[in-house]
Amino acid sequence: MPYLHFEMHGSPDGLQLSNYEFVSWEELKEPIRDINIRSSNYLYISLSTCHRGHLLKLYNHDEPCPFFGYIGPIETVNYIEAEISFVNYF
């Protein structure tokens, strides 16, 4: 079962990789969908990021689903909160 875990800064628009590098949710859509299709809809994603709820922007009823399921904080969280939560989760 494929599993992706992202641990970085997040925003309503995507993921912040560094001070100068940003990946939008839209840019992630096709690569993630490809993994999910190849795994017969078994891709699970965890996001130790703020605003992970915006990952749902990738979902469209008229297209193959980009993931089976995901977990992570909806609102802004600090690093310690995210670390404690995912240490317990894993």
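Modeller: Helices (H or I, at least four residues) and strands (E, at least two) are DSSP runs, numbered from the N terminus. This is a predicted model: local features need pLDDT of at least 70, side-chain atom pairs count only at pLDDT 80 or more, and totals for chains, interfaces and linings use all residues. Residues are numbered from 1 along each chain as its sequence is written, and side-chain values use heavy atoms, with hydrogens and water left out.

Biologist: Which residue just after helix 1 takes a positive phi?

Modeller: Helix 1 covers residues 25-38. Just after helix 1, a positive phi of about 60° belongs to Ser40.

Biologist: Is Lys29 buried or exposed?

Modeller: Lys29 is part of helix 1. Buried means under 20% relative accessible area, exposed over 50%, and partly exposed in between (1.4 Å probe, protein chains only). Lys29 has a relative accessible area of 9%, so Lys29 is buried.

Biologist: Which side chain has a polar contact with that of Lys29?

Modeller: A polar contact is a pair of N or O atoms within 3.5 Å; within protein, one must be able to donate a hydrogen and the other to accept it, and residues adjacent in sequence count only if both atoms are side-chain atoms. At 3.3 Å, the side chain of Lys29 is joined to that of Glu63.

Biologist: What distance separates the C-alpha atoms of Ser48 and Glu83?

Modeller: Ser48 lies in strand 5, residues 44-48. Ser48 and Glu83 are 35 residues apart along the chain, yet their C-alpha atoms are separated by 7.7 Å.
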